[in-house]
Amino acid sequence: MSGTASVFTPTKSQVQNASARALVKVGKIVNIKLKNPLDVVKIMRRGVEPEAVDALINKGFRGAELHWIVNPRTLRHRRDKCELLTPEESGRWFRAANIQALALEVLGDDERSMKWLHKPRKAFDGVSAMELMQTETGAQLVEDMLGQLDAGYFA
């Protein structure tokens, strides 16, 4: 066999997986450059602004379905007192924001991603991703499914 073989060299954006791209989107919501999971831990330990919850609503979440992140009354209190969300609340916020951003990266637009998140799935035993993400283990299942979709598996 003769000739010169060309080697494909992917660009930086082609190398990044959907999870890495989603992390960038979440960082934009809180106006902080998130480069790796340790950056996320630092931000969650400090706490995010209550307005970060509004960003999820602006992306298509219904306010009532975010009660598991922070109680609406507590959220009003945090706003009134200019307090950050607690590390626990911030962690739950990040879980929802990250999954929404990941769904957007994989599925392409807000409407499609929110429809996917709300639809009960056989793979989730008839439960929606929106319900599953309320627990850490459920969120991992949703992230795994989105990763499979990103890799080209049908789900």
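Guide: Buried means under 20% relative accessible area, exposed over 50%, and partly exposed in between, with a 1.4 Å probe and protein chains only. This is a predicted model, where local features need pLDDT of at least 70 and side-chain atom pairs count only at pLDDT 80 or more, while totals for chains, interfaces and linings use all residues. Residues are numbered from 1 along each chain as its sequence is written, and side-chain values use heavy atoms, with hydrogens and water left out.

Visitor: Which residues of helix 9 are buried?

Guide: Gly138, Ala139, Val142, Met145, Leu146 and Leu149 are the buried residues of helix 9. Seen down the helix axis, these buried residues fall within an arc of 120 degrees, so they line one face of helix 9. The arc is that of the directions from the helix axis to the C-beta atoms.

Visitor: What do the buried residues of helix 9 pack against?

Guide: They pack against helix 6, helix 7 and helix 8. Contact here means heavy atoms within 4.5 Å.

Visitor: How is the length of a helix checked?

Guide: The expected span is 1.5 Å times one less than the number of residues. Helix 9 has 15 residues and should span 21 Å; its end C-alpha atoms are 21 Å apart, which agrees. Helix 2, with twelve residues, reaches 17 Å from its first C-alpha to its last, close to the 16 Å expected.

Visitor: Which residues of helix 2 are buried, and what covers them?

Guide: Ala18, Ala22, Leu23, Val26 and Gly27 are buried in helix 2. Their cover includes helix 3, helix 6 and helix 9.

Visitor: How many helices and strands does the chain have?

Guide: The chain has nine helices and two strands. Helices (H or I, at least four residues) and strands (E, at least two) are DSSP runs, numbered from the N terminus. From the N terminus on, the order is α-α-α-α-α-α-α-β-β-α-α.

Visitor: What is a nonpolar core?

Guide: In soluble globular proteins, nonpolar side chains tend to be buried together. A nonpolar core is a set of buried Ala, Val, Leu, Ile, Met, Phe, Trp, Tyr and Cys residues joined through side-chain atoms within 4.5 Å. The largest one here has 43 residues, of which Trp93, Trp116, Leu117, Met133 and Leu146 touch the most other members. Elements that give two or more residues to this core include helix 2 (18-29), helix 7 (110-118) and helix 9 (136-150). Helix 6 supplies the largest share of the core, ten residues.

Visitor: What does Trp116 touch?

Guide: Not counting residues up to four places away in sequence, Trp116 touches Leu107, Arg121, Phe124, Ala129, Val142, Met145, Leu146 and Leu149.

Visitor: How many salt bridges are there?

Guide: A salt bridge is a side-chain nitrogen of Lys or Arg within 4 Å of a carboxyl oxygen of Asp or Glu. By this rule there are nine salt bridges. In one of them, Asp150 pairs with Arg21, and the closest N and O atoms are 3.8 Å apart. This pair links distant parts of the chain, with Asp150 in helix 9 and Arg21 in helix 2, 129 residues apart. Asp150 is partly exposed at 34% relative accessibility, and Arg21 is partly exposed at 23%.

Visitor: Where do Glu105 and Lys25 lie?

Guide: Glu105 forms a salt bridge with Lys25, the closest N and O atoms being 3.3 Å apart. Glu105 lies in helix 6 and Lys25 in helix 2, so the pair ties together parts that are 80 residues apart in sequence. Arg21, Lys25, Glu105 and Asp150 are linked in a network of salt bridges.

Visitor: Is Arg78 buried or exposed?

Guide: Arg78 counts as buried, at 11% relative accessibility. Its salt-bridge partner is Glu83, with the closest N and O atoms 3.3 Å apart. Glu83 is partly exposed, with a relative accessible area of 30%.
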